[in-house]
Amino acid sequence: MTMISVAEFRAEVRAWLAEHVPAEPLPSWTDQAGFDQHRTWERTLFEGGYAAVDWPEEYGGRGAGLQHTIAFAEEYYRARAPERVNMGGLYLLGPVLMQYGTEEQRRRWIPDLLSCRTIWCQGFSEPGSGSDLASLRTRAVRDGDHYVVNGQKIWTSMGGFADWIFALVRTDPDAAKERKHAGITFLCIDLRTPGVEVRPLAMVDGTEGFAEVFFTDVHVPVENVVGEVDQGWKVAMSTLGFERGAVFGDHAKFSNDVAALAGLVAVRGLAEDSLALDELGRVLVETEVYRANVYRLAALAEAGGNLDSTASINKLYWTEMQHDIFATGLRLMAEDGAVVGDLAGLAGVDAVTADAWRDWHHRYWYARAAMIFGGTSEIQRNIISERVLGLPMEPRRS
């Protein structure tokens, strides 16, 4: 299908969002009732043809280019449309299936992923295997036409709401004796399978955005392997590349956050406060730099350039920028920003501060997690120094 111009597409999207975005903001997705409402919104988005505009048409996308994708995101955030909730599926598994999956796997999983009939989460981290991901110990032993999985995953984002998990499992422990990255397989597991137990993790702000997942003799069909058996490390590295790389258009989300921050400065009587204005100016510059970088990377990609070397730079920048935005917001709330977990502690504050507190406290804590998942900021700095700048490698333990 021939794609319309960016300007025409932007106008189409703006009109559709004006008609369909809920009049009132949806409740937070961090409890089941709120999550279900977000899921319903995702189905509306899918039925409108906007679940993933840059994906191929045969898998439910629009086949749009990067400029169209950026235009969609800018309009989406301009309209204050609900936060997306199937990030593990949209930004990680979907691209992985298109690169490593079979045609049967793509047609089996992608339509339900896009419509949010299935929610996916990522099963990489384990107790003792976070930054050292290749030391993972969850085992999968072949038994006929199934694998039998035993082990545990932790810090699983949205694990309490997910239907499926894509996980790294060790299928050849002998190979790990020579090289710990060997003998690992990328496996998709239905969380409703007998032997799976999901335990939500309560965070410091009282939300349950993470979970730990236990596997006890869980039988998983062999056709759920993505990529080659024992070659899952390569698939995992591609997954982390998608996680660290640019999400074209998300700069608009951060610009919205800075605009909200400016509103808070005004409401709290800080419009003449030089320290508050300095903080506001700093995060504004940070988001403008990020916006310019998104456009630069899009132009580079459209010219056929390789973005691999930019992934760690991008991840390091946006996660620390995001943390700075919400940390700044909480500082500007002064003593009200220090209230954790119980809205009753904000009795008597103005409505703008109360709304900011509800949203930003959760997002502040999630921003701290973002500087860890997908590889910590320290890991990204090591990758940048060694693989991008060519500096000497950090000494490793022998």
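These legends walk through a few close-up views of aromatic rings and nonpolar cores in a predicted model. Local features need pLDDT of at least 70 and side-chain atom pairs count only at pLDDT 80 or more, while totals for chains, interfaces and linings use all residues. Residues are numbered from 1 along each chain as its sequence is written, and side-chain values use heavy atoms, with hydrogens and water left out.

View 1. Rings of Phe, Tyr and Trp (its six-membered ring) pair if their centres lie within 6.5 Å; planes under 30 degrees apart are stacked, over 60 edge-to-face, and the rest tilted. Helices (H or I, at least four residues) and strands (E, at least two) are DSSP runs, numbered from the N terminus. Phe124 is buried at 5% relative accessible area, and Phe186 is buried at 0%. Buried means under 20% relative accessible area, exposed over 50%, and partly exposed in between (1.4 Å probe, protein chains only).

**View 2. Phe254 and Tyr290 link two helices.** This pair is edge-to-face too, at 5.8 Å centre to centre and 75° between the planes. Phe254 belongs to helix α8 (residues 251-267) and Tyr290 to helix α9 (residues 274-302), 36 residues apart. Phe254 is buried at 1% relative accessibility, and Tyr290 is buried at 1%.

**View 3. Arginines over rings.** A charge sits over a ring if NZ of Lys or CZ of Arg is within 6 Å of the ring centre and within 35 degrees of the ring normal. Arg142 lies over the face of Tyr147, 5.8 Å from the ring centre. Arg199 does likewise with Phe214, at 4.1 Å.

**View 4. Inside the largest nonpolar core.** A nonpolar core is a set of buried Ala, Val, Leu, Ile, Met, Phe, Trp, Tyr and Cys residues joined through side-chain atoms within 4.5 Å. At least two core residues come from each of α3 (66-78), α8, α9, α10 (311-332) and α11 (351-370). Leaving out residues up to four places away in sequence, the contacts of Phe248 (heavy atoms within 4.5 Å) include Leu66, Ile70, Val294 and Leu307.
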